[in-house]
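Thank you all for coming, and please have the sequence and the structure open while I talk.

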Amino acid sequence: IDPVGIANSAVPIMLSCYPNPFEESITLQYYLQKPGEVNFSVADMNSKPVFFKKEIYINTGLCKFEIDINNLPKGNYTVSMNSADFNYSKVIFKSR
């Protein structure tokens, strides 16, 4: 049984986004308990997608994914990470 009490779940134990606030790119660091397809997206505060990346296969364990979004204007954005088993989001801020 994992730390949240669900055996063999694909739910990420953690998702961190750094640096936050960011200027040019942001790194997502996450942990998966079982391999699978994971999608990453970034949307502005009006829910308009500004970035999407479909990963065909992600291994278990601790992983990192960098998103270069330096062309975006200053403001708040929502980073989402999802699969058939989970949906997880964090708010990030572009400072310049």
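**A buried aspartate and its surroundings**

In this predicted model, Asp-44 is buried and yet has no salt bridge, for the nearest side chain of opposite charge, that of Lys-48, is 5.5 Å away. What, then, lies 2.9 Å from a polar atom of the side chain of Asp-44? It is the backbone nitrogen of Asn-46. Asp-44 itself belongs to strand S3, which covers residues 36-44, and, leaving aside residues up to four places away in sequence, Asp-44 touches Val-50, Asn-76 and Tyr-77.

Let me move on to the backbone. In the loop between S3 and S4 we find Ser-47, which has a positive phi of about 65° although it is not a glycine. Ser-47 is exposed, with a relative accessible area of 61%.

The loop between strand S1 (15-18) and strand S2 (25-32) holds Pro-19, and the peptide bond that leads from Tyr-18 to Pro-19 is cis, with omega near -10°. Pro-21 is also found in the loop between S1 and S2, and the peptide bond from Asn-20 to Pro-21 is cis as well, with omega near 15°.

Now to the aromatic rings, of which the structure holds three pairs. The rings of Phe-40 and Phe-65 have centres 4.5 Å apart and planes at 15°, so this pair is stacked. The pair links distant parts of the chain, since Phe-40 is in strand S3 and Phe-65 in strand S5 (residues 61-68), 25 residues apart. Phe-40 is buried, with a relative accessible area of 0%, and Phe-65 is buried too, at 14%. Phe-65 also forms a tilted pair with Phe-51, at 6.4 Å centre to centre and with 50° between the planes. Together, Tyr-30, Phe-40, Phe-51 and Phe-65 form one aromatic cluster.

Finally, how confident is the predictor? The protein averages a pLDDT of 84, and 86% of the residues score at least 70. Over residues 1-8, however, the pLDDT is below 50, and beyond near neighbours in sequence this stretch has eight contacts in the model. Where pLDDT is low, the predicted coordinates should not be read in detail.

Key: Residues numbered from 1 in each chain as written. Predicted model: local features only at pLDDT ≥ 70, side-chain atom pairs only at ≥ 80, totals over all residues. Heavy atoms only, no water. Helix = DSSP H or I, 4+ residues; strand = E, 2+ residues; numbered from the N terminus. Buried < 20%, exposed > 50% of the residue type's maximum accessible area, 1.4 Å probe, protein only. Lys, Arg positive; Asp, Glu negative; His and termini not counted. Salt bridge = Lys/Arg side-chain N within 4 Å of Asp/Glu carboxyl O. Polar contact = N/O pair within 3.5 Å; in protein donor to acceptor, adjacent residues only side chain to side chain. Contact = heavy atoms within 4.5 Å. pLDDT = per-residue confidence, 0-100. Phe/Tyr/Trp six-rings, centres within 6.5 Å; stacked < 30°, edge-to-face > 60°.
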